Structures are given as structure tokens and as C-alpha cells.
Amino acid sequence: MLAMLGQKVAIAALCLSLGACATFDRAKPPPAVAGPVTVTVNNDQLSGWTDLPLGAYRVPESDVIVGGHQRGNAGVAMFGLLGLGIAHAANSNSSAAGVSNTEQILRIKLTDQTRNEIEATIGKKLLADKLTTEPSPTQLNVSSALLLSYIDDIQVRPFTILKVQLSGADKRHLWETRYFASTGEVRPLVGTDSWTSSGGDPLKAAAATSLQRAVKVMFNDIAQPYTRDDNQMTIVEGGFPHLKPRVQIRGYLLVEDERYIAFVPKTGDASLLSGVSILDKAAIVYRPANSDDVGFKVLPEPPEREAGKKTTE
């Protein structure tokens, strides 16, 4: 029975990875709409298997999610619900033990901070004809979260997440996606010079910077959508949200500046990676895609990390 289930999951995952039975709506640009879009920030939390991997932990009374500590994590992050069977067998007992002593510091709420950042950005009038906080027929609902994504057994990379949903005057769903943003910095969660040292100031500073980047890219994408061109694909190697290992992903390069790139992995909507990833250049390698590049693969661990694992085993 288990063998049959594993075979079915493997076939479904392969089908999804090849794009034969996947939808890619979250990779598409937002549709053109007439008139300004009203931006509303709500308290809705990320939920469900396409938002959070199996074993992810939400810190009580907060918008903080801890992930990446699970085994079988790459499969479930890549394939969402389709990876559930694989991840469940490898990771049946995920827990919040790693943050039990820091929960008070990690009780961070992003809703008000997100609302303030959005209002400040709209208030600069650069996008006043496209976006507003005043009532209009078209609504953009935004919810936010702070993901603490483990890249090994100790180091953590934070990501600010904005989940956005666009609807028309008749409340009809028009489009949705997610924006993930990170400064690329990694630290231990606890201890000296960690994310929670000095009352969590390093984490709060990284979250504020990432939130600012996410809002900027999101607004520019909605006001004048960035091109997603299948004839100009890009390969990115680096750390992505929810994933412990570094991976190589094929997708669309939307925009870049001297510090970061905005990149859309060409993955199906069932993938936890679907959406726009805003990544610090110091933490990634990227180049134009070749015709023989695979869409997704896990990269070998750096020699120093492998050596560390052997020492502790």
C-alpha cells in the first residue's frame, strides 16, 4: 500500500515538475485594470499546504513562521501538497523545540508595519494614479508574515512574505501571488550575535529592510507589470524560502539593482516557491538559462558544511 502511494506521489510530482499538469498563475503578471487599485492590509495568516510546508511552526501570538528544519523539506517545498506523502514519511515528528526559549522575542506582528510601509510608499505620490488607500472598485488585499528559514541545523535566513490577492468590483478573483524578500544574511536563531540577541533587534532590522524591498517590487509590478518572457529565462542558484539546501531554479528575472534581483521561479502553483523571490545578490549566483538547464535541482552542500556534519555525527 505504501509502495503504491509512493509511486503515485512520485508520478504526480514528476508530472508537476515537467509542467504537464501544472498551472502557473502565480508566475503570471498582474492583469491590467482601469483606475487606481485600493490597497488593504489584513490580519489573515498564511495557511494551507500551498503556503506552508508540513511541520512548519507558527509562533503563538505572532506573524512568525519557522521552517526549513523538517526532513524531506525540498520535496514538500517544491511540490506543496503533492510532496506531502514524501515529507510525512521522512518527517513525522517536527516540533518547535528550537524556538521554545525565544518565543517571547519572536512574537512579532507585521500587519501594522506592513500597513505603515504601504501608506508611506503610496504617500510619495510616485504611484498615486495606480494605487491608493481610498475606496475604489479594484481591491488588492495584502497579508504578511516573517519566515525564519533554516539553511542548516543552526543558521537561519529570514524572509518577509507578502501574500496578495487582486479582486474586481464584483469581488471576482482576478489574480494572486506572493512576494518573498530577504537581505540574504544568515545567523543562528539564538546565542551571541544571533537573530534574537539584543532583544531581537537584528531580526527586526532585517525584517524592516526586506519588507521595504517587497513593497517596492510589489507596487512596481502591479503599477506596470514586469515582463515574464519564456524566451529570456534565468538560472538562479541560492537559498529559497522553506528550503534547507541551496537549489538551482529556472525562471524569470524581473528587475535588479546593485543589491538585489526580483525573480519568479517557473514552478507550478502547488509549489511553496511559487511567487516572486527578492534575493540579495551577495547570497546567490545567477546567469542566463541554457536550453539544457533543468528547472529545479538540489545543489551539493558546500565542503565546510559537509565537514561540519561529519564532525557531529
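About 40 Å³ of space lies in the largest cavity of this protein, where a cavity is a set of points, on a 1 Å grid over the protein atoms alone, at which a 1.4 Å probe fits but cannot get out, and where a volume is the space filled by probe spheres set on the points, which are joined across faces, edges and corners. A search of the whole structure finds 1 cavity of 30 Å³ or more. The residues that line the largest cavity are R157, F159, S182, G184, G239, L279, D280, A283 and I284, a lining residue being one with an atom within 4 Å of a point. The elements that give two or more residues to this lining are β6 and β12 (276-280). By class, the lining has 4 nonpolar, 3 polar and 2 charged residues; here Ala, Val, Leu, Ile, Met, Phe, Trp, Tyr, Cys and Pro count as nonpolar, Asp, Glu, Lys and Arg as charged, and the others, Gly among them, as polar.

The model is predicted, and local features need pLDDT of at least 70, side-chain atom pairs count only at pLDDT 80 or more, and totals for chains, interfaces and linings use all residues. Residues are numbered from 1 along each chain as its sequence is written, and side-chain values use heavy atoms, with hydrogens and water left out.

Taken as a whole, the protein has 6 helices and 14 strands, which are DSSP runs numbered from the N terminus (helices H or I with at least four residues, strands E with at least two). Buried residues make up 49% of its 313 residues, where buried means under 20% relative accessible area, exposed over 50% and partly exposed in between, with a 1.4 Å probe and protein chains only. Of the contacts with a separation of 6 or more, 69% are between residues 24 or more positions apart, a contact meaning heavy atoms within 4.5 Å.

Because 12 of its 13 residues are buried, β5 is largely enclosed by the rest of the structure. Strand β1 (residues 37-41) runs parallel to β5 and is joined to it by 5 bridges, with T38 finding its bridge partner in Q139 of β5; two strands pair if DSSP finds at least two bridges between them. Strand β3 (residues 64-67) also runs parallel to β5, through 4 bridges, and here V64 has L146 as its bridge partner. With strand β6 (residues 155-167), by contrast, β5 pairs in the antiparallel sense over 12 bridges, and A145 is partnered by I161 of β6. A hairpin joins β5 to β6 through 4 residues.

Helix α5 (residues 201-223) holds R213, which is buried, with a relative accessible area of 9%. Not counting residues up to four places away in sequence, R213 touches S182, T183, R259, Y260, I278 and D280. Among these contacts of R213 are S182 and D280, which also belong to the lining of the largest cavity.

Most residues other than glycine have a negative phi. K171, in the loop between β6 and β7 (173-181), has a positive phi of about 65° although it is not a glycine, and K171 is exposed, with a relative accessible area of 66%. H242, in the loop between β9 (233-238) and β10 (247-256), has a positive phi of about 80° and is likewise not a glycine, but H242 counts as buried at 1% relative accessibility.

Note on methods:
1 Å grid on protein atoms, 1.4 Å probe; cavity = no way out; pocket = protein on both sides within 12 Å on 5 of 7 lines; lining within 4 Å.
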